[in-house]
Amino acid sequence: MASPMRSLLADPDRYLQSFRLFLERSTEHQCMQEFVERQLPGVIASIGNGKSTINVLSIGGGAGEMDLQILSKIRARYPEATINNEVIEPSADQISKYKERVAQASNLENIKFTWHKETAYEYESRVNAEKKTKKWDFIHMIQMLYYVRDIPATIRYFHSLLESQAKLLIILVSDFCGWETLWKKYGSSFPLEDLCSYVSSADLPRMLDSAGLKYQLYELPSRMDITSCFIEGDKDGELLLDFLTETLDFAKTAPPELKHQLMEDLRKPGCSENKDGKVFFNNNLGVIVIDP
């Protein structure tokens, strides 16, 4: 009998709801912000040397939370330069929230924004069709490589667009996290429909080494409160379970045995830490900075 389980990406509204709840319940953006504060200034130290315009490409920029923080660091390093920031984002809803964020922000003088409602693959196809290959001083892909069909080809393509002093920044889940445990064991049971693939920061060095690319790795500790996942019928818990499994209404549509096993494993040390009556999922991230 065909499984009634469907990919969460089949319902973009519920996906966004679950994603926003994930950000609210996790330290995902806080740990990225810490990286932007402490490490990013060193990463971007020479990307704009001698340039009056710095070109930044955000792949999967979402609602712009991290983009604006990254741009503020680039602007602080190169106060005289104009920054041209182009955003590739397939969700109209996220782009609309990004535009609102820009409209409300201060200190964005000298930064020009352009949004393209498209995927990374659509961007590549469009640029190739236009035969206008543009080079970039800084390209970042934050938590988006799960949604491309061919990860090595995507990295090679965007790496080919780097200027001589540029950097390509990638953020993914770490191999030392609950996602690794969860997806290695259960990934084949989830209804991904080619829309999502599991990849962690541990998978990248092999790809980068085989392409002869130089890079630096950073580990960012992060966690997410998933206590509500263990409260039967809790709406937020059900949304978080959807996000963890990339499955639409996982709590209602998963086969009972799969749900039982997964809930058991979610509590265990491979995935989470139990502290003060709460369950915290290990959401550690890996950052890869690739040289031109």
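Some ground rules come before the tour. The model is predicted, so I follow its conventions: local features need pLDDT of at least 70, side-chain atom pairs count only at pLDDT 80 or more, and totals for chains, interfaces and linings use all residues. Residues are numbered from 1 along each chain as its sequence is written, and side-chain values use heavy atoms, with hydrogens and water left out.

Let me start with the sheets. Helices and strands here are DSSP runs numbered from the N terminus, with at least four residues of H or I for a helix and at least two of E for a strand. Two strands pair if DSSP finds at least two bridges between them. In general, strands of a sheet pair through backbone hydrogen bonds, either parallel or antiparallel.

Strand 3 and strand 4 run parallel and are joined by 6 bridges. Glu86 stands opposite Thr114 in strand 4. Contact, by the way, means heavy atoms within 4.5 Å. The loop between helix 5 (92-104) and strand 4 (111-116) holds Asn107. Phi of Asn107 is near 65 degrees, a positive value in a residue other than glycine.

Further along the sheet is strand 6 (residues 162-173), where Lys167 lies. Is Lys167 buried or exposed? Lys167 is buried, with a relative accessible area of 17%. The cut-offs are under 20% relative accessible area for buried, over 50% for exposed, and partly exposed in between, using a 1.4 Å probe and protein chains only. Leaving out residues up to four places away in sequence, the residues touched by Lys167 include Val43, Asp137, Phe138 and Asp291.

There is another open sheet, made of 3 strands in the order 8-11-10 with antiparallel pairing. Its edge strands, strand 8 (223-225) and strand 10 (272-275), each pair on one side only. Strand 10 pairs with strand 11 (residues 278-282) over 4 bridges, and Glu273 has Phe280 in strand 11 as its bridge partner.

Now helix 6. In this helix (residues 120-130), Ala120, Tyr123 and Val127 are buried. Seen down the axis, the buried residues fall within an arc of 55 degrees, so they line one face of the helix. The arc is taken from the directions from the helix axis to the C-beta atoms. What do these buried residues pack against? Their partners are strand 2 (53-59), strand 3 (82-88), strand 5 (136-142) and helix 7 (151-159). The face turned away from the buried side carries the exposed residues Tyr121 and Ala129. After helix 6 comes Lys131, with a positive phi near 55 degrees.

On a 1 Å grid over the protein atoms alone, a cavity is a set of points where a 1.4 Å probe fits but cannot get out; a pocket is an open set with protein on both sides within 12 Å along at least five of seven lines; lining residues have an atom within 4 Å of a point. Grid points are joined across faces, edges and corners, and a volume is the space filled by probe spheres set on the points.

The structure holds 1 cavity of 30 Å³ or more. The largest cavity has about 50 Å³ of space. Among the residues lining it are Met32, Phe35, Ile70 and Leu169. Helix 2 gives the most to this lining, with 3 residues.

The second largest pocket has about 200 Å³ of space. Of its 15 lining residues, the closest to its centre are Cys229, Phe230, Glu232, Lys259 and Met263. Helix 10 and helix 12 (256-267) are the elements that give two or more residues to that lining, and helix 12 gives the most, with 4 residues.
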